[in-house]
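Dear colleague,

I am passing a structure on to you, and it is shown just below. My notes on what was found in it come after.

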Amino acid sequence: MGYIDNMTKKIKLIKDKNQINILAIETSCDETSAAVVVNGRQALSNVIFSQIDIHRVYGGVVPEIASRNHVEKITMVVDKALKDADMKLFDIDCVAVTNGPGLVGALLVGVSTAKSLAYASSIPLIGVHHISGHISANYISHGRLEPPFLCLVVSGGHSHIIEVKDYGEYEIIGQTRDDAAGEAFDKVARLLGLGYPGGPVVENAAKSGNANAFDFPRAEVKDSPYDFSFSGIKTSVMNFYNNSIQRGDYLDKKDIAASFQQAVIDVLVDRTISAALKFDYQKIVLAGGVAANELLRTSIDRAARLNKMEVFFPPKIMCTDNAAMIGSAAYYELQKNNIANLDLNAVPNLKLRVN
Ligand code: KG4
Ligand code: ZN
């Protein structure tokens, strides 16, 4: 009998248990992370080894260096996740891993590790889409949050407005046509020489800047009211900055950071609230690295209250990449018997499964 047949029998027994322990692994970009998640809602551990300091000197993630560091750290990170949860491998019912999208070499480290653990322990393997993971971070931080809701997923690689119709059931109603929101933060930070990663350093500089100093464009996408375009804002900041330097004008970088941040956040809030009104959602959920941004959190909360809507977002550490969010998403995949075979592969441009 093959692995899948064996596992199909096994999940019936697993689903009868009161406590389902999932060991989750996330290595899609520059965080090596492992977590133990109970019943999709409680993270007993969430170990995150961030490579930010390693990539900082290059001003961005170097894929080859990311893969090497995942290889070096993954065993230690998985061991620590089990230890922090006070568990051994035989306490684990199921192994989950991000298998896309992301950097192929980085994803492969997590996928190979998860496959080895699932095979060695003879337990089911579950492949998780990275965006589904980001959304599911909210199930851990908000114990009673249930679909349906509208989710704004904003990270370094994604800017999506998604209808979450049920657990793991998605419909994309808006997305970026070019740069992701986090990518725009990263590029503007690099231009201004503020450091890396861009989001936190721009946010920090913006705190003492004037958000009304410059009027950067709030781009709309023709005939697509819920789509985004951030490359125009980024180019406008670049042209403005370079022209001012050539003219020898004095510019306060903090004012540029604050005005740029305001433009991006205005667009994110505007599109999300319009989509919630149009598709009749009273619950708005934020996810992804940019959801750690304080101005986004307070602005969308204020706009939502005015429209009698409720906003949910994870604590900042659960906004950026972590394995607990993958463990939560995997629990709901397990409920639907969506288990993977041992030929599960890393898919750098994996599409989100939509209805
Ligand atoms: O979710 P994440 O860790 O990785 C991806 O899936 O891409 O998100 C990382 C992105 C980076 O672009 C980073 O600059 C951005 O999230 N970010 C922020 C903040 N913290 C992280 N952007 C704006 N404000 C922040 N506070
Ligand atoms: Zn991410």
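**Ligand 1 and the chain around it**

In this predicted model, a side-chain N or O atom of Asn 293 sits 3.1 Å from a nitrogen atom of ligand 1. Glu 203 also places a polar side-chain atom by a nitrogen atom of the ligand, at 2.7 Å. On its own, ligand 1 has 550 Å² of accessible area, and the protein covers 89% of that.

The shell around the ligand consists of 19 residues, with His 134, Gly 156, Asp 186, Gly 199 and Glu 203 the closest. By class, 11 of the shell residues are polar, five are nonpolar and three are charged. The largest share is that of α7, with four residues.

As for the chain as a whole, it has 12 helices and 10 strands. Its C-alpha trace spans about 70 × 45 × 35 Å along the principal axes. The radius of gyration is 21 Å, which agrees with the value near 20 Å that a compact globule of 355 residues would have. Of the 355 residues, 53% count as buried. The chain exposes about 15,300 Å², and 51% of this comes from carbon and sulfur atoms. Among contacts with a separation of 6 or more, 74% join residues 24 or more positions apart.

Regards

Terms used: Residues are numbered from 1 along each chain as its sequence is written. Chains are lettered from A and ligands numbered from 1 in the order in which they are written. This is a predicted model: local features need pLDDT of at least 70, side-chain atom pairs count only at pLDDT 80 or more; totals for chains, interfaces and linings use all residues. Side-chain values use heavy atoms; hydrogens and water are left out. A residue is near a molecule or strand if one of its heavy atoms lies within 4 Å of it. A polar contact is a pair of N or O atoms within 3.5 Å; within protein, one must be able to donate a hydrogen and the other to accept it, and residues adjacent in sequence count only if both atoms are side-chain atoms. Accessible areas come from the Shrake-Rupley method with a 1.4 Å probe; for residues, only the protein chains shown count as cover. Helices (H or I, at least four residues) and strands (E, at least two) are DSSP runs, numbered from the N terminus. Ala, Val, Leu, Ile, Met, Phe, Trp, Tyr, Cys and Pro count as nonpolar, Asp, Glu, Lys and Arg as charged, and the others, Gly among them, as polar. The radius of gyration is taken over C-alpha atoms; the globule rule is 2.2 Å times the number of residues to the power 0.38. Buried means under 20% relative accessible area, exposed over 50%, partly exposed in between (1.4 Å probe, protein chains only). Contact means heavy atoms within 4.5 Å.
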